[in-house]
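Please follow the explanation below with the sequence and the model side by side.

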Amino acid sequence: MSGKSSWRSPAAAGHYAGHDLADFAQEFLRRNPDYQRDFAATEERIAAQPGRADQEREGLAGRWGLSFPLRPRPASIMQPGYLGPRPECRHGHSRRP
């Protein structure tokens with residue numbers, strides 16, 4: 001074993017018990033390198049033309065099959081609902097909640 005806890009452990013099961021399928025799909029997508037590149041490119045286009053932010057984000061959502069019927073806004077990038085990459089810690093690893 002690698003020393004990491006198993007996703008099959010009772011502790012992991014308890015941690016993920018409150019998550020639904022959308023949470024897992026979001027996490028899978030957020031870790032996808034192609035999505036990360038598309039997200040970054042979209043944000044760069046928005047920075048260059050802020051007036052097109054809604055159109056750019058709708059385009060990103062359409063390319064990846066996303067829909068947000070209630071348009072929730074996450075309070076933090078560490079909460080569910082944020083689909084961008086996690087910030088990196090000083091050692092270059094993604095931070096995990």
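In this predicted model, a side-chain oxygen of Asp20 comes to within 3.2 Å of the backbone nitrogen of Ala22, at the start of helix H2. Helix H2 spans residues 21-30, and its buried residues are Gln26, Leu29 and Arg30. Viewed down the axis of H2, these buried residues fall within an arc of 95°, so they line one face of the helix. Leu21 and Phe28, by contrast, are exposed on the other side of H2. Helix H3 (33-48) is included in what covers the buried residues of H2.

An α-helix has 3.6 residues a turn, so residues three or four places apart point the same way. Tyr35 and Phe39 are both buried.

Tyr35 also forms an aromatic pair with Trp64, and this one is edge-to-face, with 5.3 Å from centre to centre and 85° between the planes. Since Tyr35 lies in helix H3 and Trp64 in the segment after helix H4 (53-63), the pair ties together parts that are 29 residues apart in sequence. Tyr35 has a relative accessible area of 1% and is therefore buried, whereas Trp64, at 27% relative accessibility, counts as partly exposed. Together, Tyr35, Phe39 and Trp64 form one aromatic cluster.

Conventions
Residues are numbered from 1 along each chain as its sequence is written. This is a predicted model: local features need pLDDT of at least 70, side-chain atom pairs count only at pLDDT 80 or more; totals for chains, interfaces and linings use all residues. Side-chain values use heavy atoms; hydrogens and water are left out. Buried means under 20% relative accessible area, exposed over 50%, partly exposed in between (1.4 Å probe, protein chains only). Helices (H or I, at least four residues) and strands (E, at least two) are DSSP runs, numbered from the N terminus. The arc is that of the directions from the helix axis to the C-beta atoms. Contact means heavy atoms within 4.5 Å. A polar contact is a pair of N or O atoms within 3.5 Å; within protein, one must be able to donate a hydrogen and the other to accept it, and residues adjacent in sequence count only if both atoms are side-chain atoms. Rings of Phe, Tyr and Trp (its six-membered ring) pair if their centres lie within 6.5 Å; planes under 30 degrees apart count as stacked, over 60 as edge-to-face and the rest as tilted.
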